[in-house]
Amino acid sequence: MGSTAAADSSSLVVSFGEMLIDFVPTVSGVSLSEAPGFLKAPGGAPANVAIAVSRLGGKSAFVGKLGDDDFGHMLAGILRDNGVIDGGICFDQGARTALAFVTLRADGEREFMFYRNPSADMLLTPGELNLDIIRSAKIFHYGSISLIVEPCRSAHLKAMEVAREAGALLSYDPNLRLPLWPSAEEAREQIMSIWDQADIIKVSDNELEFLTGSDKIDDASALSLWRPNMKLMLVTCGEKGCNYYTKVKHTTTFHRSGSVTLFGVGDSSDVGDSDSDMWV
């Protein structure tokens with residue numbers, strides 16, 4: 001494991017889940033097969049949150065598992081270089097760090113190809129969790145990819161339980177990646193299996209359609225996912241901005257201009273609609 005630097009639990013954001021290497025084309029607007037070459041970049045939505053919080057002046061830690069390989073140690077170094085507490089990281093000597101090839105095609109659709117059969121992040125066990133860091137969290141943030149397979153699923157549920165018992169707010173960004181799930185039905189069931197426990201939820205417009213089964217991106221669809229215990233729910237809509245909902249069901253829209261990142265709760269918790277899951 002990495003260092004166990006002390007953190008002020010009154011403001012610490014602990015992010016749990018996957019961190020991986022994204023390979024992105026050297027030119028834009030092409031499919032993966034058309035790309036002339038690729039550049040490596042750190043990725044993984046939960047890790048994005050930890051780095052974004054730190055860059056914004058907050059205190060953050062990351063909990064997850066990397067391969068005991070060059071990519072894994074490179075990623076851990078990037079977290080440290082960005083001021084993220086790394087005491088929750090462990091390394092697997094038998095599995096590699098996850099890889100993903102990702103592109104934004106000319107038609108605006110994203111294309112993914114994942115290599116994780118299994119990758120180290122999938123093999124995190126409950127016994128490997130740094131419970132001291134998790135108990136120090138003011139906000140405990142996570143996604144749904146860590147729910148796909150055991151033993152990481154059990155580690156995820158254990159970490160949520162420990163964080164909740166310690167008084168943390170639970171922040172959830174489903175970060176739907178259908179190619180990683182056995183089926184769409186399984187994805188929907190598992191994503192919703194922990195829905196009611198979250199205090200803060202961020203979903204994209206595409207995820208809203210997937211989870212509700214409706215093609216309408218409106219207040220009625222969003223509020224069908226609202227739960228009494230929630231404090232905040234965000235629905236991000238790409239260049240159209242986002243809507244937010246609180247206990248008083250207030251909603252408003254923030255718009256982004258051009259390529260300026262929208263900051264909200266979910267990938268900086270969720271720092272903006274970070275569907276790209278890449279740092280450049």
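Helices here are DSSP runs of H or I with at least four residues, strands are E runs of at least two, and both are numbered from the N terminus. The model is predicted, so I kept in mind that local features need pLDDT of at least 70 and side-chain atom pairs count only at pLDDT 80 or more, while totals for chains, interfaces and linings use all residues. Residues are numbered from 1 along each chain as its sequence is written, and side-chain values use heavy atoms, without hydrogens and water.

Buried means under 20% relative accessible area, exposed over 50%, partly exposed in between (1.4 Å probe, protein chains only). The buried set includes Cys152, Arg153, His156 and Met160. I found these buried residues packing against strands E1 (12-16), E8 (139-142) and E9 (169-172), and against helices H3 (131-135) and H5 (184-193).

Then I turned to Arg153, which sits in H4. Which residues does Arg153 touch, leaving out those up to four places away in sequence? I list Ser146, Leu147, Gln190 and Ser193, with contact meaning heavy atoms within 4.5 Å.

Last, I looked up helix H6 (residues 205-212), where Glu207, Leu208, Phe210 and Leu211 are buried. Seen down the H6 axis, they fall within an arc of 165° (taken from the directions from the helix axis to the C-beta atoms), so they line one face of the helix. Their packing partners are H5, strand E10 (200-204), helix H7 (219-223) and strand E11 (232-236). Gly213 follows H6, with a positive phi near 75°.
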